Amino acid sequence: MAMARTARAMRAGPLAGRTIVVTRAAAQAQRFVQLLEEAGARVVQAPTIAIEPPPSWEPLDAALAALVTWVVFTSVNGVLMLGKRLTARGLAWAAVGRKRIAAIGPATAEALAEHGVRVEVVPREFRAEALVEGLRGALGPGDRVLLPRARETRDVLVVELRRLGAAVSEVPAYQTKRVENGVERLRGALASGGVDAVTFTSSSTARNFAELFSEGERLAWRGRVAVASIGPITAATAAEYGLATDVMPSEYTIPALARAIADYFSRLPRSRGRRGRRGD
């Protein structure tokens, strides 16, 4: 029955006949793929990143043992990898839950709630700058903040929290690794016009995807392939490689991105080929 429903959706949904590339890490892509397929899309999974443990757990272990006032989570990955480390050390989430907690968005907050952790601050706009504003007035001089996050990430959050007077311990809870499996198959599909849209759910997916191709290749299929970015930071990274974003939701979440892609293609006349640009 489920397979029959999926088949009917693929024939009738707003993305029927469209091929969408998902570059998200394979372990995290299931929900996004499901939403796109329910809208009728044929999804090509081409993960450009994999989530791995940090080079060393020592900084995170030391931070967990330290006296901190706040723990600030900037991604679901941070929650997942911290959870794995707690389990490996025989520790419970209760030790974290006793701190004051902030999360960058609802998905991260939901991941924490699954462990019984109450989130005190979630910004209305899911980006570092908005998270700082949400914490303004809630923390200040004397507060110690643990920031478990990706290795080599944007430092705006650290800088701004320190400006509020907090002592910030930024520690790597995971790192992203470039994945290049299946690039030749993807190259052929892009060159032949067999792809309608490429999706980016983080700056690292956009960067790693773009660097798989030459500038000439990227230019060759721009105008035929829509670029869908989850938010402005990701869109800015894509733009550095000449990949202007065509689709971006107002809410920077996976469900919102899937809806925005469906809305975008539902407005395009199917008689105009695989895509068409706005204003064509």
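In this model, the axes of helix H3 (residues 58–65) and helix H4 (residues 76–88) come within 12 Å and cross at roughly 80°, where axes are lines fitted to C-alpha atoms, for helices over the stretch in contact, and angles run from 0 to 180 degrees between N-to-C directions. The model is predicted, so local features need pLDDT of at least 70 and side-chain atom pairs count only at pLDDT 80 or more, while totals for chains, interfaces and linings use all residues. Residues are numbered from 1 along each chain as its sequence is written, and side-chain values use heavy atoms, with hydrogens and water left out.

- The contact between the two helices is made by Leu 60, Asp 61 and Leu 64 of H3 together with Leu 82, Arg 85 and Leu 86 of H4, contact being defined as heavy atoms within 4.5 Å.
- Helices (H or I, at least four residues) and strands (E, at least two) are DSSP runs, numbered from the N terminus.

**Nonpolar cores**

- The largest nonpolar core has 25 residues, and those with the most contacts inside it are Leu 15, Ile 20, Val 22, Phe 32, Leu 36, Ile 261 and Phe 265; such a core is a set of buried Ala, Val, Leu, Ile, Met, Phe, Trp, Tyr and Cys residues joined through side-chain atoms within 4.5 Å.
- Strand E1 (19–22), helix H2 (30–38), strand E9 (226–229) and helix H13 (254–266) each supply at least two residues of this core, and the largest share, 8 residues, comes from H13.
- Leaving aside neighbours within four places in sequence, Leu 36 is in contact with Leu 15, Ile 20, Val 22, Ala 41, Val 43, Ala 258 and Ile 261.
- A second, separate core of 23 residues includes Leu 60, Trp 93, Leu 112 and Val 117.

**The parallel sheet**

- An open sheet is formed by 4 strands in the order E2-E1-E8-E9, with parallel pairing, two strands being paired if DSSP finds at least two bridges between them.
- Strand E2 (42–45) and E9 are the edge strands, each pairing on one side only, and the twist averages 25° from one strand to the next.
- E1 and E8 pair over 3 bridges, with Thr 199 of E8 as the bridge partner of Val 22, whereas 4 bridges join strand E8 (residues 197–200) to E9.
- Within E9, Ala 226 is the bridge partner of Ala 197, and Ala 228 stands opposite Thr 199.
- Both faces of E8 are covered, since Ala 197 and Thr 199 on one side and Val 198 and Phe 200 on the other are all buried; buried means under 20% relative accessible area, exposed over 50% and partly exposed in between, with a 1.4 Å probe and protein chains only.

- In helix H9 (residues 183–191) the buried residues are Val 183, Leu 186 and Leu 190.
- Seen down the axis of H9, these buried residues fall within an arc of 60°, so they line one face of the helix; the arc is that of the directions from the helix axis to the C-beta atoms.
- The buried residues of H9 pack against E1, E8, helix H10 (203–210) and helix H11 (215–221), while Glu 184, Arg 185 and Ala 191 are exposed on the other side.
- In helix H7 (residues 128–135), Ala 128, Ala 130, Leu 131, Val 132 and Leu 135 are buried, and the buried residues of H7 pack against strand E4 (70–73), strand E5 (100–103) and helix H8 (156–163).
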